[in-house]
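Q: Could we go through this model together, beginning with the sheet and then turning to the helices and a few single residues?

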Amino acid sequence: MPRESVMDLGIAGKTALVTGGTHGIGRAIAEELGRNGCRVVVVARGQAGIDETVAAIRAAGGEAAGVSADLTHMDSYPRMVAEAAALFDAPDIAIFSPVGPPSGRFEDMADEDFQTTFDNVVKAFAHFARAVTPAMKERKWGRIVTVGSGHGRLPGRRATLGFDYVLANTLRPSALGLSRSLADELAEFGITVNTVPPGFIDTGAQYEAFFRECAKAVNQTYEQFMAGLIDRIPMKRFGNPDEVAGLCAFLCSARASYITGQYMLVDGGRMEIYY
(Lines give C-alpha, C1' and ligand atoms only; values in the text may rest on other atoms or scores of the structure.)
Protein backbone atom coordinates (compact mmCIF):
# COMPACT_ATOMS: atom_id res chain seq x y z
CA MET A 1 0.00 0.00 0.00
CA PRO A 2 1.25 3.55 -0.66
CA ARG A 3 2.58 5.37 2.35
CA GLU A 4 0.16 7.90 3.77
CA SER A 5 1.35 11.50 3.37
CA VAL A 6 1.28 13.60 6.54
CA MET A 7 1.25 17.39 6.46
CA ASP A 8 3.62 18.97 8.98
CA LEU A 9 1.63 21.78 10.58
CA GLY A 10 4.72 23.21 12.27
CA ILE A 11 3.15 23.33 15.74
CA ALA A 12 4.96 20.50 17.54
CA GLY A 13 5.95 21.70 21.00
CA LYS A 14 3.44 24.56 21.02
CA THR A 15 1.15 24.89 24.04
CA ALA A 16 -2.52 24.71 23.11
CA LEU A 17 -5.31 25.76 25.49
CA VAL A 18 -8.64 24.18 24.54
CA THR A 19 -11.82 25.17 26.35
CA GLY A 20 -14.76 22.79 26.28
CA GLY A 21 -12.15 20.17 25.53
CA THR A 22 -13.80 17.08 27.00
CA HIS A 23 -16.69 16.46 24.63
CA GLY A 24 -17.83 16.84 21.05
CA ILE A 25 -15.98 19.31 18.87
CA GLY A 26 -13.76 20.59 21.68
CA ARG A 27 -12.46 17.14 22.46
CA ALA A 28 -11.87 16.38 18.79
CA ILE A 29 -9.81 19.59 18.50
CA ALA A 30 -7.82 18.74 21.65
CA GLU A 31 -7.01 15.28 20.33
CA GLU A 32 -6.14 16.56 16.85
CA LEU A 33 -3.73 19.15 18.27
CA GLY A 34 -2.22 16.44 20.45
CA ARG A 35 -1.65 14.24 17.39
CA ASN A 36 0.16 17.16 15.79
CA GLY A 37 2.64 17.48 18.63
CA CYS A 38 1.06 20.22 20.74
CA ARG A 39 1.18 20.16 24.51
CA VAL A 40 -2.55 20.32 25.15
CA VAL A 41 -4.22 21.89 28.17
CA VAL A 42 -7.79 20.60 28.32
CA VAL A 43 -10.22 22.96 30.05
CA ALA A 44 -13.68 21.92 31.28
CA ARG A 45 -15.71 21.82 34.47
CA GLY A 46 -15.88 18.07 35.10
CA GLN A 47 -12.70 16.41 36.34
CA ALA A 48 -13.77 12.97 35.10
CA GLY A 49 -14.07 14.23 31.52
CA ILE A 50 -10.75 16.04 31.80
CA ASP A 51 -9.01 12.92 33.04
CA GLU A 52 -10.52 10.79 30.26
CA THR A 53 -9.53 13.24 27.50
CA VAL A 54 -6.01 13.73 28.86
CA ALA A 55 -5.58 9.95 29.04
CA ALA A 56 -6.75 9.57 25.42
CA ILE A 57 -4.27 12.18 24.18
CA ARG A 58 -1.43 10.58 26.12
CA ALA A 59 -2.40 7.09 24.90
CA ALA A 60 -2.04 8.38 21.33
CA GLY A 61 1.48 9.57 22.11
CA GLY A 62 0.71 13.21 22.91
CA GLU A 63 1.35 15.47 25.89
CA ALA A 64 -1.64 16.76 27.83
CA ALA A 65 -2.83 18.07 31.17
CA GLY A 66 -6.12 19.40 32.45
CA VAL A 67 -7.54 22.45 34.20
CA SER A 68 -10.98 22.47 35.80
CA ALA A 69 -12.75 25.78 35.20
CA ASP A 70 -16.26 27.17 34.73
CA LEU A 71 -16.39 29.20 31.51
CA THR A 72 -19.31 31.26 32.84
CA HIS A 73 -17.06 32.75 35.56
CA MET A 74 -14.88 35.55 34.21
CA ASP A 75 -12.13 35.01 36.78
CA SER A 76 -11.58 31.53 35.31
CA TYR A 77 -9.76 32.90 32.27
CA PRO A 78 -6.62 34.40 33.82
CA ARG A 79 -6.46 31.40 36.15
CA MET A 80 -6.58 28.82 33.34
CA VAL A 81 -3.81 30.65 31.48
CA ALA A 82 -1.67 30.82 34.62
CA GLU A 83 -2.19 27.10 35.24
CA ALA A 84 -1.34 26.31 31.61
CA ALA A 85 1.89 28.27 31.98
CA ALA A 86 2.75 26.36 35.15
CA LEU A 87 2.03 23.01 33.49
CA PHE A 88 3.78 23.66 30.17
CA ASP A 89 4.11 27.29 29.07
CA ALA A 90 1.87 30.24 28.25
CA PRO A 91 -0.49 29.25 25.42
CA ASP A 92 0.66 29.72 21.83
CA ILE A 93 -2.68 28.39 20.57
CA ALA A 94 -6.04 29.17 22.15
CA ILE A 95 -9.36 27.54 21.25
CA PHE A 96 -12.51 29.18 22.59
CA SER A 97 -15.73 27.15 22.64
CA PRO A 98 -18.38 29.27 24.35
CA VAL A 99 -21.34 28.08 26.36
CA GLY A 100 -24.05 28.27 23.71
CA PRO A 101 -27.52 29.71 24.22
CA PRO A 102 -30.74 27.68 24.27
CA SER A 103 -33.26 27.79 21.45
CA GLY A 104 -36.49 29.72 21.89
CA ARG A 105 -38.72 32.58 20.83
CA PHE A 106 -38.33 36.25 21.72
CA GLU A 107 -41.53 36.26 23.75
CA ASP A 108 -40.18 33.46 25.94
CA MET A 109 -36.93 35.24 26.83
CA ALA A 110 -36.41 37.64 29.73
CA ASP A 111 -33.75 40.33 30.05
CA GLU A 112 -31.72 37.90 32.14
CA ASP A 113 -31.60 35.44 29.24
CA PHE A 114 -30.14 38.06 26.91
CA GLN A 115 -27.64 39.15 29.56
CA THR A 116 -26.54 35.59 30.30
CA THR A 117 -26.03 34.86 26.61
CA PHE A 118 -24.02 38.06 26.15
CA ASP A 119 -21.85 37.14 29.13
CA ASN A 120 -21.25 33.56 27.96
CA VAL A 121 -20.71 34.23 24.25
CA VAL A 122 -19.23 37.74 23.99
CA LYS A 123 -17.91 38.89 27.37
CA ALA A 124 -16.30 35.53 28.09
CA PHE A 125 -14.47 35.65 24.75
CA ALA A 126 -13.18 39.13 25.62
CA HIS A 127 -11.82 37.84 28.94
CA PHE A 128 -10.31 34.82 27.18
CA ALA A 129 -8.55 37.06 24.66
CA ARG A 130 -7.25 39.38 27.39
CA ALA A 131 -5.77 36.39 29.18
CA VAL A 132 -4.02 34.69 26.25
CA THR A 133 -2.76 37.57 24.12
CA PRO A 134 -0.03 39.18 26.28
CA ALA A 135 2.37 36.22 25.93
CA MET A 136 1.48 35.85 22.25
CA LYS A 137 2.35 39.50 21.66
CA GLU A 138 5.72 39.04 23.34
CA ARG A 139 6.48 36.04 21.14
CA LYS A 140 5.13 37.68 17.97
CA TRP A 141 3.21 34.47 17.30
CA GLY A 142 -0.21 33.19 18.27
CA ARG A 143 -3.33 31.45 17.04
CA ILE A 144 -6.84 32.06 18.34
CA VAL A 145 -9.77 30.08 16.96
CA THR A 146 -13.33 30.41 18.16
CA VAL A 147 -15.84 27.64 17.60
CA GLY A 148 -18.60 29.97 16.49
CA SER A 149 -22.02 29.64 14.94
CA GLY A 150 -23.54 30.02 11.50
CA HIS A 151 -25.96 32.44 13.11
CA GLY A 152 -23.16 34.97 13.40
CA ARG A 153 -23.79 35.73 9.72
CA LEU A 154 -27.23 34.31 8.91
CA PRO A 155 -30.03 34.34 11.50
CA GLY A 156 -31.51 30.96 12.27
CA ARG A 157 -35.21 30.89 11.37
CA ARG A 158 -37.95 28.41 12.07
CA ALA A 159 -38.54 28.13 8.31
CA THR A 160 -35.02 26.78 7.74
CA LEU A 161 -34.08 25.29 11.13
CA GLY A 162 -37.41 24.04 12.36
CA PHE A 163 -37.07 25.99 15.62
CA ASP A 164 -36.58 29.56 16.89
CA TYR A 165 -33.16 30.84 18.00
CA VAL A 166 -33.52 34.48 19.03
CA LEU A 167 -30.65 34.55 21.54
CA ALA A 168 -28.10 33.15 19.08
CA ASN A 169 -29.39 35.41 16.31
CA THR A 170 -28.94 38.46 18.53
CA LEU A 171 -25.63 37.77 20.29
CA ARG A 172 -23.61 35.53 17.97
CA PRO A 173 -23.02 38.43 15.52
CA SER A 174 -21.50 40.40 18.41
CA ALA A 175 -18.99 37.65 19.09
CA LEU A 176 -18.10 37.52 15.39
CA GLY A 177 -17.59 41.29 15.40
CA LEU A 178 -15.25 40.99 18.35
CA SER A 179 -13.30 38.23 16.63
CA ARG A 180 -12.91 40.34 13.49
CA SER A 181 -11.82 43.38 15.51
CA LEU A 182 -9.23 41.33 17.37
CA ALA A 183 -7.91 39.98 14.08
CA ASP A 184 -7.27 43.55 12.91
CA GLU A 185 -5.63 44.66 16.15
CA LEU A 186 -3.45 41.60 16.68
CA ALA A 187 -2.26 40.95 13.12
CA GLU A 188 0.88 43.06 13.47
CA PHE A 189 1.98 40.79 16.31
CA GLY A 190 1.82 37.65 14.19
CA ILE A 191 -1.40 36.56 15.91
CA THR A 192 -4.25 35.24 13.80
CA VAL A 193 -7.89 35.17 14.93
CA ASN A 194 -10.43 33.10 13.04
CA THR A 195 -13.93 31.74 13.60
CA VAL A 196 -15.05 28.25 12.61
CA PRO A 197 -18.83 27.94 12.69
CA PRO A 198 -19.93 24.31 12.55
CA GLY A 199 -23.17 23.28 10.96
CA PHE A 200 -25.03 20.33 12.38
CA ILE A 201 -22.34 18.14 13.91
CA ASP A 202 -23.23 14.87 15.63
CA THR A 203 -21.75 15.23 19.09
CA GLY A 204 -23.70 12.41 20.71
CA ALA A 205 -26.20 12.33 23.54
CA GLN A 206 -26.05 16.04 24.37
CA TYR A 207 -26.88 16.96 20.77
CA GLU A 208 -29.74 14.48 20.66
CA ALA A 209 -31.19 15.94 23.85
CA PHE A 210 -31.10 19.45 22.33
CA PHE A 211 -32.98 18.36 19.21
CA ARG A 212 -35.52 16.38 21.20
CA GLU A 213 -36.40 19.62 22.99
CA CYS A 214 -36.57 21.45 19.64
CA ALA A 215 -38.90 18.78 18.23
CA LYS A 216 -41.15 19.04 21.26
CA ALA A 217 -41.33 22.83 20.87
CA VAL A 218 -42.71 22.52 17.31
CA ASN A 219 -45.02 19.57 18.10
CA GLN A 220 -43.14 16.98 16.06
CA THR A 221 -41.73 13.61 16.91
CA TYR A 222 -37.96 13.45 17.19
CA GLU A 223 -37.83 11.28 14.04
CA GLN A 224 -39.96 13.73 12.03
CA PHE A 225 -37.91 16.68 13.15
CA MET A 226 -34.56 15.06 12.34
CA ALA A 227 -35.71 13.89 8.91
CA GLY A 228 -36.71 17.45 8.00
CA LEU A 229 -33.45 18.86 9.35
CA ILE A 230 -31.21 16.44 7.46
CA ASP A 231 -33.18 16.97 4.26
CA ARG A 232 -32.09 20.64 4.32
CA ILE A 233 -28.39 19.68 4.26
CA PRO A 234 -27.04 19.11 0.73
CA MET A 235 -24.82 16.25 1.96
CA LYS A 236 -27.86 14.64 3.64
CA ARG A 237 -26.02 13.91 6.86
CA PHE A 238 -24.68 15.53 9.98
CA GLY A 239 -20.97 16.18 10.17
CA ASN A 240 -18.66 14.64 12.72
CA PRO A 241 -16.39 16.46 15.18
CA ASP A 242 -13.17 15.37 13.43
CA GLU A 243 -14.26 17.25 10.29
CA VAL A 244 -14.30 20.48 12.31
CA ALA A 245 -11.13 19.65 14.22
CA GLY A 246 -9.10 19.23 11.04
CA LEU A 247 -9.83 22.76 9.90
CA CYS A 248 -9.19 24.19 13.37
CA ALA A 249 -5.81 22.46 13.53
CA PHE A 250 -4.83 23.86 10.14
CA LEU A 251 -5.82 27.40 11.21
CA CYS A 252 -3.56 26.95 14.24
CA SER A 253 -0.65 25.89 12.08
CA ALA A 254 2.42 27.68 10.80
CA ARG A 255 1.03 27.13 7.29
CA ALA A 256 -1.99 29.35 8.06
CA SER A 257 0.07 32.41 9.00
CA TYR A 258 -1.62 34.67 6.41
CA ILE A 259 -5.20 33.65 7.22
CA THR A 260 -6.90 35.88 9.77
CA GLY A 261 -10.24 37.52 10.41
CA GLN A 262 -12.00 34.71 8.57
CA TYR A 263 -15.29 32.90 9.09
CA MET A 264 -15.00 29.37 7.72
CA LEU A 265 -18.10 27.19 7.67
CA VAL A 266 -18.03 23.44 8.16
CA ASP A 267 -21.65 22.64 7.41
CA GLY A 268 -22.07 20.27 4.46
CA GLY A 269 -23.14 23.15 2.23
CA ARG A 270 -26.21 24.12 4.26
CA MET A 271 -25.67 27.84 4.85
CA GLU A 272 -27.22 30.11 2.22
CA ILE A 273 -24.49 32.75 2.13
CA TYR A 274 -21.79 33.44 -0.41
CA TYR A 275 -19.36 35.65 1.52
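Q: In which sense do strand S2 and S3 pair, and over how many bridges?
A: Strand S2 (residues 39-44) pairs with S3 in the parallel sense, over six bridges. Two strands count as paired if DSSP finds at least two bridges between them. Strands (E, at least two residues) and helices (H or I, at least four) are DSSP runs, numbered from the N terminus.

Q: What should I know about the model itself?
A: It is a predicted model, in which local features need pLDDT of at least 70 and side-chain atom pairs count only at pLDDT 80 or more, while totals for chains, interfaces and linings use all residues. Residues are numbered from 1 along each chain as its sequence is written, and side-chain values use heavy atoms, with hydrogens and water left out.

Q: Which residue of S3 is the bridge partner of Val41?
A: The partner of Val41 is Ala65.

Q: Which helix packs on the sheet there, touching S2 and S3?
A: Helix H2 (residues 47-59) does, and its direction makes about 170° with that of S3. Contact here means heavy atoms within 4.5 Å. Axes are lines fitted to C-alpha atoms, for helices over the stretch in contact, and angles run from 0 to 180 degrees between N-to-C directions.

Q: What is the strand order of the whole sheet?
A: The order is S3-S2-S1-S4-S5-S6, in an open sheet of six strands with parallel pairing. Strand S3 (63-68) and strand S6 (191-196) are the edges; each has a single partner strand, so one side of each lacks a neighbour in the sheet. On average, neighbouring strands are turned by 15° against each other, direction ignored.

Q: Is S6 buried or exposed?
A: S6 is mostly covered, with six of its six residues buried. Buried means under 20% relative accessible area, exposed over 50%, and partly exposed in between, using a 1.4 Å probe and protein chains only. Ile191, Val193 and Thr195 lie on one side of S6 and Thr192, Asn194 and Val196 on the other, and both faces are covered.

Q: Which strand pairs with S6?
A: Strand S5 (residues 142-147) pairs with S6 in the parallel sense over six bridges. Within that pair, Ile144 stands opposite Val193.

Q: And S4, which way do its residues point?
A: From strand S4 (residues 93-96), Ile93 and Ile95 point one way and Ala94 and Phe96 the other, and all are buried. S4 runs parallel to S5, joined by four bridges, and Ile95 has Val145 of S5 as its bridge partner. Strand S1 (residues 15-19) pairs with S4 over three bridges, also in the parallel sense; Ala16 stands opposite Ile93.

Q: Changing topic: at what angle do helix H4 and helix H6 cross?
A: Helix H4 (residues 111-139) and helix H6 (residues 166-186) cross at roughly 15°, and their axes come within 9 Å. That makes H4 roughly parallel to H6. Angles under 35 degrees count as roughly parallel, over 145 as roughly antiparallel, 65 to 115 as roughly perpendicular and the rest as oblique.

Q: What classes of residue make the contact of H4 with H6?
A: By class, there are 14 nonpolar, five polar and three charged residues. Ala, Val, Leu, Ile, Met, Phe, Trp, Tyr, Cys and Pro count as nonpolar, Asp, Glu, Lys and Arg as charged, and the others, Gly among them, as polar.

Q: How do H1 and H9 pack?
A: Helix H1 (residues 24-35) and helix H9 (residues 241-251) pack at an angle of about 50°, their axes being 8 Å apart. H1 is therefore oblique to H9. The H1 residues Gly24, Ile25, Ala28, Ile29, Glu32 and Leu33 meet Pro241, Asp242, Val244, Ala245, Cys248 and Ala249 of H9.

Q: Where is Asp92?
A: Asp92 is in the loop between helix H3 (76-87) and S4. Asp92 is buried, with a relative accessible area of 7%. Leaving aside residues up to four places away in sequence, Asp92 touches Lys14, Thr15, Met136, Arg139, Trp141, Gly142 and Arg143.

Q: What is the phi of Asn219?
A: Phi of Asn219 is near 60°, a positive value in a residue other than glycine. Most residues other than glycine have a negative phi. Asn219 lies in the loop between helix H7 (205-217) and helix H8 (222-231), and at 73% relative accessibility it counts as exposed.
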